[in-house]
Amino acid sequence: MKTLRAVLQDGQAKGDAVGHFNVSDLILLKAVLSAARELDVPVMVGLSEGERAFVGTREIAAVVKSVREEFDFPIFLNADHTHSLAKGIEAAKAGFDSIVFDLSALPFEENVRQTKQAVEALKSINPSMLVEGEIGDIGTGSEIHDSSPDLTKGLSSPEEARQFVESTGVDILAPAVGNMHGMLRSMVKGETKKRLDIERIAKIKQASGVFLTLHGGSGTDDDDLRKAIAAGINIVHINTELRVAWRRGLEQGLAKMPDEVVPYKIFPPAVEAVKQVVLSRLRLFNGKRRAA
Ligand SMILES: [Zn+2]
């Protein structure tokens, strides 16, 4: 089985990105796995601190490990948005493949200082764990928002990216390049799209020289996503789009069977709705890999 680092390098050489999808129950996990296996492309599943608190850090690690072994399939587990070293250590000990250590809300110098410490501490537990650091401001919460924050204020600069990577030793960097967590109502309706600063991505890639993650990928213009991957994005996070599909699918399942109480008879429309979103995103992120 290839390591996550090898899978990312492979994607980078081909000009593809790895899709990262947040899961917090078996409906989402089944949908992501089924879509990735159908297309035969590697995939990452991630859980934020809140999602891990619900599912269980050790529990999800055991499930993903068992799936990986059973199907001999490259599915990787990421500890998404982790705000403390204690929570990071918990994930490292449970066997997560990577972690998003997110202190982007702190002043830059403090973010650098604590992220450097975290890189050292986490790698001493698991040397092959990839550590991602965050700079800039892309808002919080993979939810539906009524209004957009002013993203222009928190954009990352190439110089900041270079300095951050050099001082912390992170393997992966998540910059702010026009992306945003969550979706606006108009995006859920498909009336508007997020747009990305492609030139900034290319400059940050050149300055930092590490793998780059695009957070808040839901509701982004497809063409911008393709260009962002070509400019150096290696991982794209999708969460809100899955959550919207999950809710709609679940409502459908419940409405179709108003008297049903058997969960596994109610859930299939939810699995299918989420799977369709994952399929569509994986096709887009893996255009080169799939054409080869
Ligand atoms: Zn994120």
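**Exercise 1.** Classify His-181 in this predicted model as buried or exposed.

*Solution.* Take the relative accessibility of His-181, which is 10%. The cut-off for buried is under 20%. His-181 therefore counts as buried. Repeat the step for His-81. Its value is 11%, so His-81 counts as buried too.

**Exercise 2.** Find which residues coordinate the zinc ion, and give their spacing in sequence.

*Solution.* Start with the donor atoms. They are NE2 of His-81, NE2 of His-181 and ND1 of His-215. The distances run from 2.0 to 2.1 Å. Now read the donors along the chain. The pattern is H-x99-H-x33-H. His-81 sits in strand 3 (residues 75-82). His-181 sits in the loop between strand 7 (172-174) and strand 8 (183-184). The pair therefore ties together parts that are 100 residues apart in sequence.

**Exercise 3.** Search the whole structure for aromatic pairs and state how many there are. Then classify the geometry of Phe-108 and Phe-164.

*Solution.* The search returns 1 aromatic pair. The ring centres of Phe-108 and Phe-164 are 6.2 Å apart. Their planes meet at 55 degrees. Stacked needs under 30 degrees and edge-to-face over 60. The pair is therefore tilted. Now locate the partners. Phe-108 belongs to helix 6 (residues 108-125), Phe-164 to helix 7 (residues 158-168). The pair thus links parts that are 56 residues apart in sequence.

Methods
Residues numbered from 1 in each chain as written. Predicted model: local features only at pLDDT ≥ 70, side-chain atom pairs only at ≥ 80, totals over all residues. Heavy atoms only, no water. Donors = N, O, S within 2.8 Å, 3.2 Å for Na, K, Ca; no water. Helix = DSSP H or I, 4+ residues; strand = E, 2+ residues; numbered from the N terminus. Buried < 20%, exposed > 50% of the residue type's maximum accessible area, 1.4 Å probe, protein only. Phe/Tyr/Trp six-rings, centres within 6.5 Å; stacked < 30°, edge-to-face > 60°.
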